[in-house]
Amino acid sequence: MSLLIPRSSFTSEAEKLAGNPTVTVKDLHDKMLNSVNVKRSMPPNAWLWLLIENCQNQDDIHLLFDVLQNLRRFRLSNLRIHDNFNCNLCQQVAKTCVRVGAIDSGKKALWKHNVHGLTPSVASAHHLMSYALEHKNSELMEEVMQLLKTNDLPLQPGTADLVFRICHDTDKWDLLAKYSKKFSKAGVKLRKTTFDVWMEFAAKRGDTESLWKVDKQRSETYSQHTLSTAFSCAKGFLLESKPEEAAAVIQIICQAYPDEKKSAISTEFEKLVNEWPVDVIKHQTDEDKKALAASLKSVIPSMVNTLLSSGLKVSVDLDELNKNEALLS
């Protein structure tokens, strides 16, 4: 009778989870539960990997987690294995949840105390963060950051890179400032790409005070500018009406840049002339917009002329600057 009770409970649980899963996943789920609950033997690992591979929707994920819980129970009670599943499997589970859009299920992979035998990791969290980045979902990012803290998972450079990108893409400067302090306190060494995003965001907001603070922090780790941080500094000088200083920064990075990558410089110039004025003016108060527009309309051509006088070949269409609606308003 004691053997029959759990079997009946497993059956009723499977019926609850039935939903509308794909045929392959349902078949594998039933075979694996039959193996552990009826035959009392561990099913082949290949079945579990095949089930994960074939998950297509939330109902499939429900069955996957039901299998994991049953496997964990069997490993503990019959095989006396107390360890969780290996990290590779757990990361794949989180990745699969993200792939099918089962985000709430994916969050379960970050709990250190769970009934599914999952081992939480920062790599699993990054799968959820990547989803948040793709969908510009800062709320999900904050949830994942809280889960990392709650479950004692260490912050890493890759975490910062994703967080800063999400804050940039959702225009959440205050949120970025909040998390930058957390990463600094945790002693995380930020990547060059993270400083790229951070400084670009500061320049886009017209916040020169923050821009120079971040650049000082960058210089303590990296002695040389990237193309992106150099142009962000140039924008900072333009905001301060210092076109010669802006030209000097750009000239140094252009001389150091390899010929095969010169097209990237042209792209940055186009963004500076066509996109950045719109962004930075948008972030100003109504009373400051007109003055900044007039200033940029003057200092950007001045910077370009300084670069041309120095012998640097600059491919910039200043006519586009004059047509820029942000500068005409």
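This is a predicted model: local features need pLDDT of at least 70, side-chain atom pairs count only at pLDDT 80 or more; totals for chains, interfaces and linings use all residues.
**Notebook: cores, domains and a pocket**

I started with the largest nonpolar core: it has 71 residues, and M141, V163, F164, W276 and M303 touch the most other members. (Core here: buried Ala, Val, Leu, Ile, Met, Phe, Trp, Tyr and Cys residues joined through side-chain atoms within 4.5 Å; buried is under 20% relative accessible area with a 1.4 Å probe, protein chains only.) Domain 1 (21-133) and domain 2 (224-328) each give this core at least three residues.

Numbering runs from 1 along each chain as its sequence is written, and side-chain values use heavy atoms, with hydrogens and water left out.

Next I looked up M141. Setting aside neighbours within four places in sequence, M141 is in contact (heavy atoms within 4.5 Å) with M129, A132, V163, I166, C167, L175 and Y179. Another core, of 27 residues, lies apart from the largest one; V67, L89, V93 and C97 are among its members.

The bounds come from an automatic or database assignment, and the centres of domain 1 and domain 2, over C-alpha atoms, are 51 Å apart.

Last, the largest pocket. I find 13 lining residues, with M145, K149, L155, Y179 and K182 nearest the centre. (Pocket: on a 1 Å grid over the protein atoms alone, an open set of points where a 1.4 Å probe fits, with protein on both sides within 12 Å along at least five of seven lines; lining residues have an atom within 4 Å of a point.)

Terms used:
Buried means under 20% relative accessible area, exposed over 50%, partly exposed in between (1.4 Å probe, protein chains only).
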